[in-house]
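Please look over the chain shown here, with attention to its core, its sheet and its charged pairs.

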Amino acid sequence: MKLLVINPNISDDVTALIEAEALRSAGPDTELTVRTAAHGVEYIETRFESLIAAGAVAEIIAEYHGQVDGVVVAAFGDPGMPALKELVDAPVIGITEAALCAAALQGQRFSIIAISDRITAWYRDCVEHFGLGGRLASIRSINQSLNSIGSVQADFKETLLALSRQAVAEDGADVVILAGAPLAGLARELEGQIPVPVVDGISAGIRMTEAVVALQSGFHRQGAFAPPPVKRRRGLSENLDAALAAAQANVTAPAARPATRK
């Protein structure tokens, strides 16, 4: 199985954290290609920054069109999702949707631990989008300036641990989600120090994508996630134009008629 893992921000040190946790989480038969966005911002905190990142992610997905079995969008908040599901005939999974699914399977209520106050509004939107607002116990976040996005774990490990424990003791969380690629791998370090299950978004994204690929459920030819209709376009990169054309061609190809039961 070949998975494409994309860091939607431009920070190579965050990509290194993503790759390390992805390699620890992936099954022995999974081959990973890890890429960093070619343009965008250092780390994503707002809806507008997410919008910028979505285009960069789409370009990378288009570059690998037809070469991978699944795609992991490795930033909490899932930039470009769910629209990116319309682009290719392969599962495209965001680490937010993967982490929320993992949390929902392990507890009734969950809390998200975030790296900044500014980011929480966007995260709350994401939870509501997935229909899980009623199960969100809280979003707790670091309220100090970050020295470097790549050193958040080292700089704020005790703060993140305290926030996680508060989410359990004060907010009633059954599960804690350590949100964002900069926190990749921290759940392993904090094992046993938080009295409820702790979900790592990167780990959840890899394992959930492997599971969905293995299900071989088929692809979107119709419905809400079918490829965009054919229409005049201009100014797209060669890769993105080709990926769209291929996806649209698959829709017009005749589908196999299901067998009739007797």
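The report below takes up these topics in turn for what is a predicted model.

## Nonpolar cores

The largest nonpolar core has 64 residues, and those with the most contacts inside it are Phe110, Ile112, Tyr123, Ile177 and Ile202. Helix H5, spanning residues 152-171, gives the most to this core, with seven residues. A second, separate core of 20 residues includes Ala62, Met81, Val92 and Leu244.

When residues up to four places away in sequence are not counted, Phe110 touches a set of residues that includes Leu100, Val127, Leu132, Leu136, Val175 and Ile177.

## The parallel sheet and its helices

Four strands, in the order S6-S5-S7-S8, form an open sheet with parallel pairing. Strand S6 (136-141) and strand S8 (198-200) are the edge strands, each pairing on one side only, and neighbouring strands are turned by 20° against each other on average, direction ignored. Strand S7 (residues 175-178) is joined to S8 by three bridges, and Leu178 has Asp200 of S8 as its bridge partner.

Helix H4 (residues 120-129) lies across strand S5 (110-114) and S6, running at about 160° to S6. H5 also packs on the sheet, where it touches S5, S6 and S7, and its direction makes about 155° with that of S6.

Helix H2 covers residues 47-63 and reaches 25 Å from its first C-alpha to its last, close to the 24 Å expected at 1.5 Å a residue. Its buried residues include Glu49, Ser50, Ala53, Val57, Ile60 and Ile61.

Arg35 forms a salt bridge with Glu63, with the closest N and O atoms 3.1 Å apart; because Arg35 lies in strand S2 (residues 31-36) and Glu63 in helix H2, the pair ties together parts that are 28 residues apart in sequence. Arg47 forms a salt bridge with Asp125 at a closest N to O distance of 2.7 Å, and since Arg47 lies in helix H2 and Asp125 in helix H4, this pair ties together parts that are 78 residues apart in sequence. Arg47 is partly exposed at 46% relative accessibility, and Asp125 is partly exposed at 37%.

## Other charged pairs

The count of salt bridges comes to eleven. Glu210 forms one with Arg207, the closest N and O atoms being 2.9 Å apart, and the two residues, three apart in helix H7 (residues 201-215), are separated by about one helical turn. Glu210 counts as buried at 8% relative accessibility, whereas Arg207 is partly exposed at 44%. Elsewhere, Glu21, Arg24 and Arg188 are linked in a network of salt bridges.

Technical notes:
Residues numbered from 1 in each chain as written. Predicted model: local features only at pLDDT ≥ 70, side-chain atom pairs only at ≥ 80, totals over all residues. Heavy atoms only, no water. Core = buried A, V, L, I, M, F, W, Y, C linked by side-chain atoms within 4.5 Å. Buried < 20%, exposed > 50% of the residue type's maximum accessible area, 1.4 Å probe, protein only. Contact = heavy atoms within 4.5 Å. Pairing = 2+ DSSP bridges. Axes fitted to C-alpha atoms, helices over the stretch in contact; angles between N-to-C directions. Expected span 1.5 Å × (residues − 1). Salt bridge = Lys/Arg side-chain N within 4 Å of Asp/Glu carboxyl O.
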